[in-house]
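Opening the notebook on this one. Below is what I looked up, in the order I got to it.

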Amino acid sequence: MLDAEDIHGAAHAILEDVERHPLSYRRLLVGSVTIGRRLAALTQPLEQVGVLLPNANATVATLLALQAFRRVPAMLNYSTGAHNMEIACVSAQIRTIVTSRRFVERARLEAALATLAEGRRIIYLEDLRAAIGALERLRGLLALPFLRGMHRRLKPSPDDPAVVLFTSGSEGTPKGVVLSHRNILANCRQIGARVDFSPSDLVFNALPIFHSFGLTGGTILPLISGVRIFLYPSPLHYRIVPELAYDTNATILFGTDTFLTGYARAGNPYDFYNVRYVFAGASACATRRGGSGPSASASGSSRAMAPPRRHP
């Protein structure tokens with residue numbers, strides 16, 4: 001992230017969500033360090049900390065905040081229900097969960113969170129923000145030139161765990177998957193070796209960050225490459241996603257076969273006028289018959305589909 005800030009500039013707008021308040025590298029890094037200090041005071045190095053948040057600017061800041069202080073974000077899959085999240089917390093030995101009151105209320109997760117809270121500390125981002133005063137924010141801003149030194153003092157290793165993801169539980173109980181920094185950055189470099197992208201692109205990511213596809217290709221890769229990201233909290237809003245793809249001038253779109261089919265049916269073709277790449281992954285692509293578009297069948301890996309012809 002610090003290398004990306006040096007290359008693209010501290011003022012480069014890199015991240016935006018449905019609140020439509022873009023974050024520059026400077027604001028994202030300062031916010032992450034400020035939040036990270038608070039979270040570090042409540043947790044231990046390399047402790048796995050549960051993250052129960054949607055696709056939003058605050059989620060990325062929380063992810064970076066934990067990693068900056070060598071805590072390991074464990075991304076809880078809230079779509080699997082309270083029982084599977086409880087199993088995930090037990091298997092990952094999660095003692096602290098970071099979430100948001102607003103998100104819990106909107107997603108109707110009150111009952112699930114009450115179950116998860118038994119024997120665990122729940123930290124609400126709203127409380128963290130309220131406790132951070134002007135002096136602490138200024139301290140975060142002044143720390144920006146010294147972040148590299150702070151990072152070296154923490155002695156991170158490329159093979160340290162960077163994040164814990166969980167399987168959906170469709171084949172039994174959810175399993176925790178620990179990814180190192182080396183794992184994720186290697187995947188990012190592999191994608192970068194095959195796909196041409198630049199800071200003039202905009203990635204529209206509606207895939208949850210608790211999924212490896214949404215985390216790596218849809219979030220971390222563009223973050224460290226200077227490619228702007230627009231985060232949307234649900235891939236299931238088939239009518240809204242195409243409209244926002246048009247409104248944001250998205251050039252890169254990620255999705256599963258099911259989600260992309262839903263967008264194609266609900267949207268107007270012109271909604272995707274600026275899209276150069278569509279990446280389908282995470283599930284097999286169904287072979288379609290009788291349609292005018294390309295048919296594809298894939299299993300396991302993501303694949304790039306032919307970009308649509310640009311409108312004049």
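Is Arg20 exposed, partly exposed or buried, and at what relative accessibility? I get 35% relative accessibility, so Arg20 counts as partly exposed. My cut-offs are under 20% relative accessible area for buried and over 50% for exposed, with partly exposed in between (1.4 Å probe, protein chains only).

Ground rules before going on. I am working with a predicted model, where local features need pLDDT of at least 70, side-chain atom pairs count only at pLDDT 80 or more, and totals for chains, interfaces and linings use all residues. I number residues from 1 along each chain as its sequence is written, and side-chain values use heavy atoms, leaving out hydrogens and water.

I find Arg20 in the loop between strand S1 (13-16) and strand S2 (23-24). For elements I take DSSP runs numbered from the N terminus: helices are H or I with at least four residues, strands are E with at least two.

Gln93 is also not a glycine and has a positive phi of about 55°. Its loop runs between helix H4 (82-91) and strand S5 (96-99). At 61% relative accessibility, Gln93 counts as exposed.

**Helix H8**

Which residues of helix H8 (134-143) are buried? I list Glu136, Gly140 and Ala143. They cover an arc of only 65° around the axis, which puts them on the same side of H8; the arc is that of the directions from the helix axis to the C-beta atoms. On the other side of H8, I note Ala134, Leu135 and Leu142 as exposed. The cover over the buried residues includes helix H2 (25-42), helix H7 (125-131) and helix H9 (147-153).

**Whole protein**

I count 13 helices and 13 strands. The radius of gyration is 19 Å, close to the 20 Å that the globule rule gives for 312 residues, so the protein is as compact as a globular protein of that length. That radius is taken over C-alpha atoms, and the rule is 2.2 Å times the number of residues to the power 0.38. The C-alpha trace spans about 60 × 45 × 35 Å along its principal axes.

Of the 312 residues, 50% count as buried. For contacts (heavy atoms within 4.5 Å) with a separation of 6 or more, I see 72% coming from residues 24 or more positions apart.
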